Amino acid sequence: MFRRLPGDETRTLVSTTPDTAVVFRPAVVRTPAIISVIIWVWRLLAGLARAVWRHPIATAVPVTFGVIGIVYGYRQAIAVFGVVLTSAVSWALLDPDSFRAVIGRRLLAWWRLVWIYRRHWQPVMIISGLGKHLHGRDYLPRLLRVTCDDWSDRVTVAMLAGQAVTDWTDRVDHLAHGFGAASCRISTLRPGRLMLTFPRRDPLSIPLPAVPIPQTAEVGPVEIGRCEDGTPYRLRVHGTHILIAGATGSGKGSYLWSIIRGLLPAMRAGLVQIWAADPKRMELSFGRDLFGPCYAATPDECVELLEAAVKVMQERADRFAGTRRTHAPTVDDPFIVLVVDEVAFLTAYQPDKQLRARAIAALATLTTQGRAVGIGVVAALQDPRKDVLTIRNLFPDKIALRLDEPEQVDMVLGEGARERGALADHISPRPDLGAGVGYVRLEASPDPVRVRAAYVSDADIRVMVARYAGEGCR
Ligand SMILES: Nc1ncnc2c1ncn2[C@@H]1O[C@H](COP(=O)(O)OP(=O)(O)OP(=O)(O)O)[C@@H](O)[C@H]1O
């Protein structure tokens, strides 16, 4: 509202043509003071009207107390204020959840709008290059709204005409540092409107204990951890194939074991069979009794297991052809989930060329045709490059855990994922902080979501084996 008037800057402008002494000075027409006053008053009224429109409650509260003060006297106004304040404090103490939902988050959002975002908006926009200062005027993207949930601020922004989403995704670091947040995520609400998400705290910063084994036999999405907004992270396993990529020690094992854990009751009910290929012999071997004869460790055995799955797939395809298009797990045709730890041992590092080709062919067949007949592949690998796993794009669902290089993020999650905030290369290598933390793209949105899998400890696996060994593949 206190921007300079047009013309203030112009007065000081001087331009010359190169190599001559010719100097151009723009003509400045002196504005009568009354015009300036009218403009200032107009801006003041417009600013007040805008404040009332944008923050009706924040304006109504002081106005109400002011009116009570004027009409009934200031003692009454202070008494009413005291009653309202005491009621609010009692509510917050007695039922903090409902207070937070109704009042607390709105107050926090208003405070953060005023103190963080509006206060820093102009300098952050100009310095990051998202706004422009031209001829004495600021052209800034509009800050429309701030809402808060328990873990983050969500800032709605109207982009400047002519800006692209990539102008913003290229500057997530500027925005995060500018507004004092650990990171910034960008999502598109509609053409011209963006939502910036700034986390205030990290619900994933401490390891999560293993999710309890479900009570019922279900093949639906398996709860395996938590999303960064604190909601449970449920991973769809049936009707898809999942690739989990992460450097050594990134916690791939916790995903594999959490999936297995969530499917145990369905395995007992005969609706699921878990087949395990464990060429590294370090991860799945710990609970090998869970898998019975459907466990393979040597490369030959692993490839035979994959080819056995292809046979089942083809037999089902022959039977289902023309009668059904999707698979519903039954005891006769259970959902087969083929868990492959370090799939690159079979597809890239395997010295026997023929065996390698057989493994790639079997995996390609399963990932292209297995879904509809109830066969899913869950594969983990350390190095997501194409020459390590040529068929990585055949996995519809991918999870990027801690990766060594920024380029690897897009290799796993698809073009532009890192720009949209999937900073998998920034995940801490400290196991307590970063193991099991990863980025996924959920079905509902192209924007990456940060998640953490629960940690299934050795003791948990021992209990799982003791309770469920011999119940799956017989
Ligand atoms: N979800 C998790 N939460 C907390 N800590 C975890 C989690 N997953 C794993 N860890 C810790 O990180 C260590 C390494 O995990 P893990 O062996 O699963 O990694 P990995 O990605 O399978 O590694 P590699 O590829 O070398 O086998 C574990 O020993 C454990 O201490």
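These legends describe close-up views of a predicted model.

**View 1. Transmembrane spans listed by UniProt.** An unreviewed UniProt entry gives "transmembrane region" for residues 27-45, 52-71 and 77-94. Residues 27-45 are 68% helix and 0% strand. The end C-alpha atoms of residues 27-45 are 31 Å apart. Residues 77-94 are 100% helix and 0% strand. For residues 77-94, the distance between the end C-alpha atoms is 26 Å.

**View 2. Packing of helix H2 against helix H3.** Helix H2 covers residues 56-72, and helix H3 covers residues 74-94. The two pack at an angle of about 145°. Their axes are 6 Å apart. On the H2 side, the contact residues are Phe65, Ile68, Gly69 and Tyr72. H3 answers with Tyr74, Gln76, Ala77, Val80 and Phe81. The contact of H2 with H3 counts 7 nonpolar and 2 polar residues, and no charged residues.

**View 3. Contact between domain 1 and domain 2.** The domain assignment places domain 1 at 108-201 and domain 2 at 222-468. Their centres, taken over C-alpha atoms, are 37 Å apart. Domain 1 brings 13 residues to the contact, and domain 2 brings 8 residues. On the side of domain 1 that touches domain 2, helix H5 (165-169) and strand E7 (185-190) are the elements that give two or more residues. E7 supplies the largest share of that side, with 3 residues. By class, this side of domain 1 has 5 nonpolar, 4 polar and 4 charged residues.

View 4. The unreviewed UniProt entry sets "domain: FtsK" at residues 230-410. Over residues 230-410, the chain is 35% helix and 18% strand. The end C-alpha atoms of residues 230-410 lie 25 Å apart.

**View 5. The shell around the ligand.** The ligand is surrounded by 15 residues. The closest are Gly251, Gly253, Ser254, Ala435 and Gly436. Helix H7 (residues 252-268) gives the largest share of the shell, 3 residues. By class, the shell around the ligand holds 5 nonpolar, 9 polar and 1 charged residues.

**View 6. Helix H8 crossing helix H10.** Helix H8 runs over residues 299-320, and helix H10 over residues 353-369. They pack at an angle of about 35°. Their axes lie 9 Å apart. The crossing of H8 and H10 is left-handed. From H8, the contact takes Pro299, Asp300, Val303, Leu306, Glu307, Ala309, Val310, Met313 and Ala317. From H10, it takes Leu355, Arg358, Ala359, Ala362, Leu363, Thr365, Leu366 and Gln369. The contact of H8 with H10 has 12 nonpolar, 2 polar and 3 charged residues.

Conventions. Residues are numbered from 1 along each chain as its sequence is written. This is a predicted model: local features need pLDDT of at least 70, side-chain atom pairs count only at pLDDT 80 or more; totals for chains, interfaces and linings use all residues. Axes are lines fitted to C-alpha atoms, for helices over the stretch in contact, and angles run from 0 to 180 degrees between N-to-C directions. Helices (H or I, at least four residues) and strands (E, at least two) are DSSP runs, numbered from the N terminus. Two residues are in contact if their C-beta atoms, placed from the backbone, lie within 7 Å. Ala, Val, Leu, Ile, Met, Phe, Trp, Tyr, Cys and Pro count as nonpolar, Asp, Glu, Lys and Arg as charged, and the others, Gly among them, as polar. UniProt positions are given in the numbering used here, feature names are shortened, and annotations may be inferred rather than shown by experiment. Domain bounds come from an automatic or database domain assignment. A residue is near a molecule or strand if its C-beta atom, placed from the backbone, lies within 6 Å of it. A crossing is left-handed if the near helix is turned anticlockwise from the far one by less than a right angle, and right-handed if clockwise.
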